[in-house]
Amino acid sequence: MNHQSNMPRKGTRRALGATLTFGVIAIVLALNIAFSFVADRFMWQVDETVTRYIDAKGVSVGSMYTATDAFMTLIGESAIPMVEKMNAERAERGEEPITINIKFCAERDKIYGAEKLRMIQYTAMALQKEFPHAVKVEYLNIEQNPSQVQKYKATSSTNIYPHQIIFEFGTEYRVTSYDYFFLTNDTNSKEHWAYNGEQKFASLLLALTRAESPIAGFITNHGEKLENCQSFRNLVERAGFDVVDIDLSKDEIPADCRLLICYDPQTDFIGLGHDAYVEGDKSEIDKLDAFLDKAYSFMLFVNKDTPELTVLEEYMEEWGVTIARAENAEGDVDTLTIRDQVMKLDKDGYIPVAEYVTVGGGASITEDMRNVSYPATVVFPNATAIVMSESYRKTHVDVDETTGVTEAYTYGSYYRNGISRYFHDVFKTGASASAEAFGKQYQVATQLERFNLMTISLESRTLQETNYISTQEPSYVAVFGSTEFASDTVLDSASYGNADVLNATLRHMGREVVPANLEFKAFKKYDVDTNAYVVDAGKMIGITLFMTVMPVAVCVIAGVCVNVKRKYR
């Protein structure tokens, strides 16, 4: 009888024990999930590194993952008020408020798992924590759902990659790569030595919150064939410009114009000595020169059939640009035609595949495009070559491991009357290319001397806006040796990276706001901070013995209690 009466009681105890066990496990899991959520939301973290980072003065300060007070103050005083002003205006119109959206192009765990992206992530999260009404951080899985970033592409063929970050405010946006937030020893170096995220974040947010849609003017009065580049015009609009047509001989350049584009000119510009120049009027070259003096930009597209444009070409030589031409014994001049019978897309070699320049100042334009497993193919159909002007000094940079230069390169420089300009190549032909003139081969490329297909020149300026903010305002002149580079046929094809190049060039030529009081954070070797937990030898032995004996003692005591209880039940 006793045995049978104890059965239900034992069963009840087992059920109760199992219930308590599963209950405790469920509670622990729930607490773990809740703690993880709260810790992530409020950025609870323990930094166990001896040296947080090294500031510009070489002093060890702060935490690499914690935003500085100077950064938060600058954003709070300069960017956030613009968001609040915008939302106040939207509220008066009955519209919903908007926020600064920082969008990572991969899942949160992937961003967190990548050390460099995690630094950027923590800066973004710190902003969201400090200004939750104005800043929102999002994670987009563009590999599974690429349509999420379609609106940020210049064309349907433009690519956005998981390592990129999108900054958006209203209709304004910027697409950046993680490399943008770090410092390297040289333009071509891949080794980051400092995190410059706070300055770059501030630059982007200040530019976004005070941005106005600038004007891009397509010049129309030199026989430009604008009917062939409608996709290019659309790309410029998608990049944030209002596109207008400008007759430079009659129209004044609008005050809000930031970019002039001359696509396939057939007649020369009007200069001081030109027949069409009217005394007392500004020549077109004067207008263009005054425009570039304001730290704005000019893009020129020419090809193998571009006629001699004496006035324009003389002015372009001041920017380091010479269109490659040949002269025969009779004094006739012919524009060089690029041909490559190895790196080509057509049978005869007149659609050469360009090589990315990977070092020097021009390489920074295509850095995002090259930072993938298979960079997009870029073509320059019916191209001519761009030669550096003789008035520019050629500087050769050798390989130097200490500065991170892994490949030798050259660039051009010009200094006269207080003006400093620099000439960089962006795309070149392969070593198998040649140049033709008067229907026959005129010049052959070598590995060291290849033909320039795209170049960019700049005149650097820095303007101090306030004690805390300066603006980098270089003037840019980008020259393409092919008009078909930006034709509808090429840009509408997903097979080529030409649209990406144009989009990257437009972004590169934009102004950059540089906060003057934000410093970079130089990396240093991370070690466990033993100084924070100093333990002498005696204490270490005591802790070791305690951690060794305690589990055994607990098991022994528990065993004794169970045996005693069974004996006297």
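Start with the aromatic rings: there are 21 aromatic pairs here, where rings of Phe, Tyr and Trp (its six-membered ring) pair if their centres lie within 6.5 Å. Planes under 30 degrees apart count as stacked, over 60 as edge-to-face and the rest as tilted. This is a predicted model, in which local features need pLDDT of at least 70 and side-chain atom pairs count only at pLDDT 80 or more, while totals for chains, interfaces and linings use all residues. Residues are numbered from 1 along each chain as its sequence is written, and side-chain values use heavy atoms, with hydrogens and water left out.

**Stop 1: two ring pairs**

Select Tyr180 and Phe181. Their ring centres are 5.2 Å apart and their planes stand at 85 degrees, so this pair is edge-to-face. Are these two residues buried or exposed? Buried means under 20% relative accessible area, exposed over 50%, and partly exposed in between (1.4 Å probe, protein chains only). Tyr180, at 25%, counts as partly exposed, whereas Phe181, at 0%, counts as buried.

Next, pick Phe218 and Phe232. This aromatic pair is also edge-to-face, with 5.6 Å from centre to centre and 75 degrees between the planes. Phe218 belongs to strand β9 (residues 215–219) and Phe232 to helix α6 (residues 230–238), so the pair links parts of the chain 14 residues apart. Helices (H or I, at least four residues) and strands (E, at least two) are DSSP runs, numbered from the N terminus. Phe218 is buried at 0% relative accessibility, and Phe232 is buried at 0% as well.

**Stop 2: charges over rings**

Stay at Phe218 and show Arg233, whose charged end sits over the Phe218 ring, 4.9 Å from its centre. A charge sits over a ring if NZ of Lys or CZ of Arg is within 6 Å of the ring centre and within 35 degrees of the ring normal. For another example, go to Trp319: Arg421 lies over its face, at 4.0 Å from the ring centre.

**Stop 3: the cores**

A nonpolar core is a set of buried Ala, Val, Leu, Ile, Met, Phe, Trp, Tyr and Cys residues joined through side-chain atoms within 4.5 Å. Which members of the largest core touch the most other members? Of its 50 residues, they are Phe232, Met299, Phe301, Phe380, Phe427 and Leu502. Helix α11 (residues 498–508) supplies the largest share of this core, five residues. A second, separate core has 41 residues, including Ala79, Ile102, Phe104 and Phe181.

Zoom in on Met299. Leaving aside neighbours within four places in sequence, its contacts (heavy atoms within 4.5 Å) include Phe232, Leu259, Phe480 and Leu502.

**Stop 4: helix α2**

Select residues 69–92. Helix α2 has 24 residues and spans 33 Å from its first C-alpha to its last, close to the 34 Å expected at 1.5 Å a residue; the expected span is 1.5 Å times one less than the number of residues. Where does α2 bend? Look at Gly76, where the bend is about 35 degrees, taken as the angle between axes fitted to the seven residues ending there and the seven starting there. Buried residues in α2 include Phe71, Ile75, Ala79 and Arg90.

**Last stop: the whole chain**

Zoom out to see twelve helices and 29 strands. Buried residues make up 47% of the 569 residues in the protein chain.
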